[in-house]
Amino acid sequence: YEFLYAVVLIDRDTPEAISRLKAVPESDPYAPLAHAQLGELYEWGKFSNRDEVRKQATAFYDACPNSLDWRGRMLLREAATPEMAAKYGPQLRSRLQGVTDITLLPAWSTVWDLEFVAVPAGQQDALRARLREEIVQLRNQIHSDDVNWLSVLKGGFHTAGDKAAEREVADQIVAK
């Protein structure tokens, strides 16, 4: 109830919400969600604090290393250092191996983004080539016309630098 009350206070009395979210004990089952919510609060506005975002993202993924929760993934995408990306990217990749549930597949975008954060600029061309192969394999494995999945593929091809495949998927999205 404390967690839910804190969430209700956001935008009404945000400082109190932050205080209550910080007071959620680490042993509480809602502690990881409190970290995700705090990280979200620290992302923008007058409470913006990049170090806190990183701290909360780390706390969330240390508590839930296999989570594909969108809040946690957004925190990582926004604030990951190369060290964080190298630690949590492989965990997300491992969790996604073999997953075909369309609702979970957008997490691939986070994996790819984290890999680019973790890999030095000089090695990113090789990473793009590997990602392109992986995206083609995923596309062949998961046959779905779900627009969200197609958007993930389109973004993946964009990240991999394959403009022709990106355009092909974009056309497919428009057709759907």
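Which residues does Q56 touch, not counting residues up to four places away in sequence? In this predicted model, Q56 touches H35, L38, G39 and Y42 on that count.

- Q56 lies in helix α4, which spans residues 50-63.
- The relative accessibility of Q56 is 4%, and Q56 is therefore classed as buried, the cut-off being under 20%.
- With H35, Q56 forms a polar contact from side chain to side chain, at 2.7 Å.

**Packing of α2 and α3**

- Helix α2 covers residues 14-22 and helix α3 covers residues 31-41.
- These two helices pack at an angle of about 150°, and their axes are 9 Å apart.
- The contact involves T14, I18, L21 and K22 on the α2 side, and A34, Q37, L38 and L41 on the α3 side.
- The α2–α3 crossing is left-handed.

- D11 is found in the loop between α1 (2-9) and α2.
- Its relative accessible area is 66%, so D11 counts as exposed, the cut-off being over 50%.
- D11 has a positive phi of about 75°, although D11 is not a glycine.
- As a general rule, most residues other than glycine have a negative phi.

Conventions: Residues are numbered from 1 along each chain as its sequence is written. This is a predicted model: local features need pLDDT of at least 70, side-chain atom pairs count only at pLDDT 80 or more; totals for chains, interfaces and linings use all residues. Side-chain values use heavy atoms; hydrogens and water are left out. Helices (H or I, at least four residues) and strands (E, at least two) are DSSP runs, numbered from the N terminus. Buried means under 20% relative accessible area, exposed over 50%, partly exposed in between (1.4 Å probe, protein chains only). A polar contact is a pair of N or O atoms within 3.5 Å; within protein, one must be able to donate a hydrogen and the other to accept it, and residues adjacent in sequence count only if both atoms are side-chain atoms. Contact means heavy atoms within 4.5 Å. Axes are lines fitted to C-alpha atoms, for helices over the stretch in contact, and angles run from 0 to 180 degrees between N-to-C directions. A crossing is left-handed if the near helix is turned anticlockwise from the far one by less than a right angle, and right-handed if clockwise.
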